[in-house]
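This briefing is meant to be read with the sequence and the coordinates side by side.

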2 protein chains.
Amino acid sequence: MIAIHDPDDPRIAPYRAVRERDVTGRGERFVAEGEVVLRLLIEGGRGAPRRHVAESLLIAENRLDALGELLAKLPPEVPVYAAGQSVMDAVVGFHIHRGVLAIARRAAPETAAALLARLPERALVVVLVGVANHDNVGGIFRNSAAFGADVVLLDETSCDPLYRKAIRVSVGASLILPFARGGSGGDLLDALDAEGFSTVALSPAGTRDIAEIAPSPRTALLLGAEGPGLPTALMARTTTARVPMAAGFDSLNVATTSGIALYALSRRMQS
Amino acid sequence: MIAIHDPDDPRIAPYRAVRERDVTGRGERFVAEGEVVLRLLIEGGRGAPRRHVAESLLIAENRLDALGELLAKLPPEVPVYAAGQSVMDAVVGFHIHRGVLAIARRAAPETAAALLARLPERALVVVLVGVANHDNVGGIFRNSAAFGADVVLLDETSCDPLYRKAIRVSVGASLILPFARGGSGGDLLDALDAEGFSTVALSPAGTRDIAEIAPSPRTALLLGAEGPGLPTALMARTTTARVPMAAGFDSLNVATTSGIALYALSRRMQS
């Protein structure tokens with residue numbers, strides 16, 4: 001435990017101007033915030049070991065007691081910096097009311113093909129194409145974890161699930177769910193085809209009611225951005241399904257749509 | 001159409017410092033933003049006439065052409081102020097990239113009892129107790145409209161659905177769905193009981209699977225805040241139900257939960 005009294009202390013430089021660095025990105029590193037997220041970073045979750053490596057923590061002094069048990073699980077080489085709230089806020093650049101931050105190094109990235117090759121015979125995969133909104137990506141990871149999806153695949157135009165806000169909205173799910181990001185939607189469908197997955201694309205124009213889809217043992221759920229939706233060429237390669245809605249207000253958020261579709265598919269895959 | 005060149009023009013004073021006034025509230029008035037929301041404000045939706053009254057509009061000059069057809073539907077006494085983007089941003093206090101704002105007067109508030117008394121024999125009501133997050137309230141209104149709920153009831157500790165951000169997240173659903181806000185959760189259950197509603201409370205600790213609930217012709221869906229959840233005393237007065245989730249990550253956002261529960265209940269009420 002290292003007490004920090006000066007916002008300019010070089011040891012906590014990685015925590016400086018968090019929001020500005022969110023925009024430019026941090027390469028191999030990312031920022032995690034909040035106790036629930038920190039717990040998943042340190043301990044892993046869903047029966048799997050941790051995926052990413054905490055490099056340091058910055059904790060508000062008044063949170064140290066409550067976090068003692070969790071901090072004791074850190075490898076001894078990970079420094080825990082403790083600062084008063086005002087020093088912490090000055091470093092970070094805004095009020096950190098949760099009082100818990102970590103800098104972590106990403107797990108080595110894997111390709112979609114490598115992730116899929118490791119899955120069991122029964123598997124549920126979530127695939128995002130063009131989902132660039134951090135709240136939506138975070139919400140979709142939260143739902144994917146809640147309904148037991150095995151991995152998430154994102155095309156190169158979808159946003160990074162380890163962006164700070166995406167992690168927060170996911171309640172840490174993006175730290176524990178294996179994912180691969182890169183390539184086009186077509187590339188991702190190729191990888192799924194090669195591993196024997198049946199893909200269901202969600203769209204308001206889908207031809208079948210999601211409740212009537214009988215999922216295969218290996219099923220992928222494909223989602224696009226609200227507004228533009230999925231490219232026609234991708235939809236043509238899949239079974240398309242819709243969530244039936246009331247007349248006159250045909251509008252669901254893509255994260256909510258993922259929750260409904262995962263609810264409907266996952267219970268049928270178990271039965 | 002009134003051209004505005006000066007951010008200090010008194011005619012657009014209601015648009016000044018929008019965010020600061022969000023905090024203090026605007027009494028009988030509220031701010032709506034964006035084209036989709038404006039359309040529901042002016043035209044109503046879901047086959048119902050408009051509920052609230054637009055008092056004035058402030059539109060970025062470069063949006064006027066695209067909005068011409070919609071603006072033509074305004075009553076002639078409603079002023080449409082047009083300003084360049086920089087004047088608009090200066091008045092409002094931040095960059096309005098949608099370029100569309102309105103000040104509106106609320107429909108006369110109604111009590112929960114009055115709203116319920118007008119409902120048909122088959123009706124679906126959403127009830128919120130302690131849901132104080134604007135994103136969640138907005139998301140729940142969006143889902144309520146998408147799945148054909150008739151009204152939304154909010155206890156006095158839930159937030160105002162006509163708060164600017166709640167309207168935006170609802171994609172305007174909070175402008176067209178009738179709602180009542182006030183009283184305690186117990187008061188709302190009393191009003192529902194008096195009108196013969198069966199109430200299903202959603203909770204991770206619910207005794208029944210939401211998929212196994214056979215809804216009554218008049219069904220109410222009760223939701224509480226994430227974290228604290230619903231008070232035990234309210235749950236004891238209802239059927240409690242849960243959304244089954246995977247082991248090890250038992251966490252859904254309340255707006256997503258509302259979407260799943262409304263999906264499950266509404267399709268059974270129709271069949």
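In this predicted model, Ile59(A) stands opposite Val100(A), a residue of strand E5 of chain A. The two strands concerned, E3 (residues 53-60) and E5 (residues 100-105) of chain A, pair in the antiparallel sense over 6 bridges. Strands of a sheet pair through backbone hydrogen bonds, and the pairing may be parallel or antiparallel.

**The sheet of chain A and its helices**

- In chain A, 5 strands make up an open sheet, with the order E1-E4-E3-E5-E2 and mixed pairing.
- Strand E1 (2-4) and strand E2 (29-33) of chain A stand at the edges and have a single partner strand each, so one side of each is left without a neighbour in the sheet.
- Helix H2 (residues 35-43) of chain A lies across E2, E3 and E5 of chain A, and its direction runs at about 30° to E5(A).
- Helix H3 (residues 64-71) of chain A also packs on the sheet, where it touches E3, strand E4 (80-83) and E5 of chain A, and its direction makes about 165° with that of E3(A).

**The sheet of chain B and its helices**

- Chain B has an open sheet of 5 strands in the order E1-E4-E3-E5-E2, and the pairing is mixed.
- At the edges of this sheet stand strand E1 (2-4) and strand E2 (29-33) of chain B, each with a single partner strand, so one side of each is left without a neighbour in the sheet.

**The contact between chain A and chain B**

- Chain A contributes 32 residues to the contact and chain B contributes 31 residues.
- Between them the two chains bury about 2300 Å², of which 62% is on carbon and sulfur atoms.
- Of the area that chain A buries against chain B, 30% is supplied by Arg142(A), Phe249(A) and Tyr263(A), more than by any other three residues.
- Between chain A and chain B there are 10 residue pairs in polar contact, counting pairs with both residues at pLDDT 80 or more.
- On the side of chain A that touches chain B, helix H6 (134-146), helix H8 (173-176) and helix H11 (254-270) of chain A each supply at least two residues, and H11(A) gives the most, with 6 residues.
- The residues on that side of chain A divide into 19 nonpolar, 8 polar and 5 charged.

**Salt bridges**

- The structure holds 36 salt bridges over all chains, and the count between chain A and chain B is 4.
- Arg267(A) forms a salt bridge with Asp209(B), with the closest N and O atoms 2.7 Å apart.
- Arg267(A) lies in helix H11 of chain A and Asp209(B) in strand E10 (residues 208-209) of chain B, so this pair joins two chains.
- Asp209(A) likewise forms a salt bridge with Arg267(B), and the closest N and O atoms there are 2.7 Å apart.

Notes: Residues numbered from 1 in each chain as written. Chains lettered and ligands numbered in written order. Predicted model: local features only at pLDDT ≥ 70, side-chain atom pairs only at ≥ 80, totals over all residues. Heavy atoms only, no water. Contact = heavy atoms within 4.5 Å. Buried area = accessible area lost by both parts, 1.4 Å probe. Salt bridge = Lys/Arg side-chain N within 4 Å of Asp/Glu carboxyl O. Polar contact = N/O pair within 3.5 Å; in protein donor to acceptor, adjacent residues only side chain to side chain. Helix = DSSP H or I, 4+ residues; strand = E, 2+ residues; numbered from the N terminus. Nonpolar A, V, L, I, M, F, W, Y, C, P; charged D, E, K, R; others polar. Pairing = 2+ DSSP bridges. Axes fitted to C-alpha atoms, helices over the stretch in contact; angles between N-to-C directions.
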